[in-house]
Amino acid sequence: MAKAKNKRFKKVKGNLYSIRGNKDARTVLITGASGGLGASFADIFAKNGFNVVLTARRKDKLKEQADKIEKKYGVRTTLIAVDLADPAGPQHIFDECEKMGIKVDALINNAGLAIPGFYQETEWKKHSDFLQLMIAAPSQLSYLFEPGMVQRGYGRIINVSSFVGTITPTGSYTLYGAAKSYLIKFSQAHAEELKGTGVKVMALCPGFFKSELHDESDASQITSQLPARMFLDVDTVAEEGYDKIMNTDEVVYVNGRIYQLMGNMERSNFSKIRGKGQLRSYADRIRTNLNSDGHDKQSGTNG
Ligand SMILES: NC(=O)c1ccc[n+]([C@@H]2O[C@H](COP(=O)([O-])OP(=O)(O)OC[C@H]3O[C@@H](n4cnc5c(N)ncnc54)[C@H](OP(=O)(O)O)[C@@H]3O)[C@@H](O)[C@H]2O)c1
């Protein structure tokens, strides 16, 4: 066992875990906990006495979040740096938890990104990594951690979907809405199967909130057209998620009154906003951008 620089942390096979907190408290595992909504989820669960396992690729950012919530709430934190676009990622997380004797009582499948542009304009490897991260990883993490939850008669699983998963998609970001819809259907079927086991499953469907995801996925062409009231507060999104999974039997929850209303209006306003954007038509882009084999000349430049 190597010696960690920070005395509050022990290092076990590359993972850091803190030696503070109550080891018998319930534990939540959050993917994509290095910032954005994942960090807000870490805060709200810690505030409610959960020990927290934080996972994402950037270990320095995870450590920052762990320091913050430990200082605020005195809970135990564990960091597992992992790339969930790697098919071995979910099993790695599960094995690390097993090695450290961590029993996961709540799982927040939150890690995510968005690939801008039209479907054929992105190299397949990026799409394939995306599908692994957004669909296979949350499905496998549920598959791995659920039996323990059922055995102990307690479990909470939140699949972070999106408002976008509930509406009729328009072009571009082609796989994003599809992946988010998958999480809704997966949660609904799964919640039904798990009735009576003490394990609850919910798809959380937020509207827009500010995070790194918008910058990294070139979404400003969409978000810059939105009025300020369309942006949700990220901490409120996490708090509502926590409240709904703990205190209700909701299986699909849309955050934000404005998005709930838009849903009722057949989501058409949102479609118009996107339609008005500067995106050229798909046909136009195919004519000007694609090679004779049908793929993007600058494949790999999106995302
Ligand atoms: N922002 C919005 O408007 C909005 C609206 C509805 C739903 N959502 C959903 O909310 C969730 C959180 O997004 P956010 O807006 O908070 O974005 P964010 O701040 O960019 O957070 C995304 C998280 O996912 C992690 N991640 C990305 N790729 C990963 C990979 N290959 N392996 C492991 N972890 C990975 C990132 O960590 P590392 O980079 O350190 O790996 C980061 O912690 C996503 O599922 C997103 O689709 C966002």
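Which helix gives the most to the shell around the ligand? I looked this up before anything else.

I am working with a predicted model, in which local features need pLDDT of at least 70 and side-chain atom pairs count only at pLDDT 80 or more, while totals for chains, interfaces and linings use all residues. Residue numbers start from 1 along each chain as its sequence is written.

**Ligand shell.** H1 gives the most, with three residues. I noted that helix H1 (36-47) and helix H6 (212-216) each supply at least two residues of the shell. Helices (H or I, at least four residues) and strands (E, at least two) are DSSP runs, numbered from the N terminus. There are 27 residues around the ligand, and Gly32, Gly36, Arg57, Gly112 and Ser211 come nearest. A residue is near a molecule or strand if its C-beta atom, placed from the backbone, lies within 6 Å of it. By type I have 13 nonpolar, nine polar and five charged residues in the shell. Here Ala, Val, Leu, Ile, Met, Phe, Trp, Tyr, Cys and Pro count as nonpolar, Asp, Glu, Lys and Arg as charged, and the others, Gly among them, as polar.

**H4 and H5.** I then turned to H4 and helix H5 (residues 174-193), which pack at an angle of about 10° with their axes 11 Å apart. Axes are lines fitted to C-alpha atoms, for helices over the stretch in contact, and angles run from 0 to 180 degrees between N-to-C directions. H4 is therefore roughly parallel to H5 (angles under 35 degrees count as roughly parallel, over 145 as roughly antiparallel, 65 to 115 as roughly perpendicular and the rest as oblique). From H4 the contact takes residues including Phe130, Leu131 and Met134, and from H5 residues including Tyr182, Leu183 and Phe186. Two residues are in contact if their C-beta atoms, placed from the backbone, lie within 7 Å.

**Asn255.** Last, I looked up Asn255, which sits in the loop between strand E9 (252-254) and helix H9 (257-264). Asn255 counts as buried because it has 23 C-beta neighbours inside 10 Å (buried means 20 or more other C-beta atoms within 10 Å of its own, exposed 12 or fewer, partly exposed in between, with C-beta atoms placed from the backbone). Leaving out residues up to four places away in sequence, I find that Asn255 touches Leu204, Cys205, Pro206, Gly207, Leu232, Val237 and Glu240. Leu232 and Asn255 are 23 residues apart in sequence and 8.1 Å apart in space, C-alpha to C-alpha.
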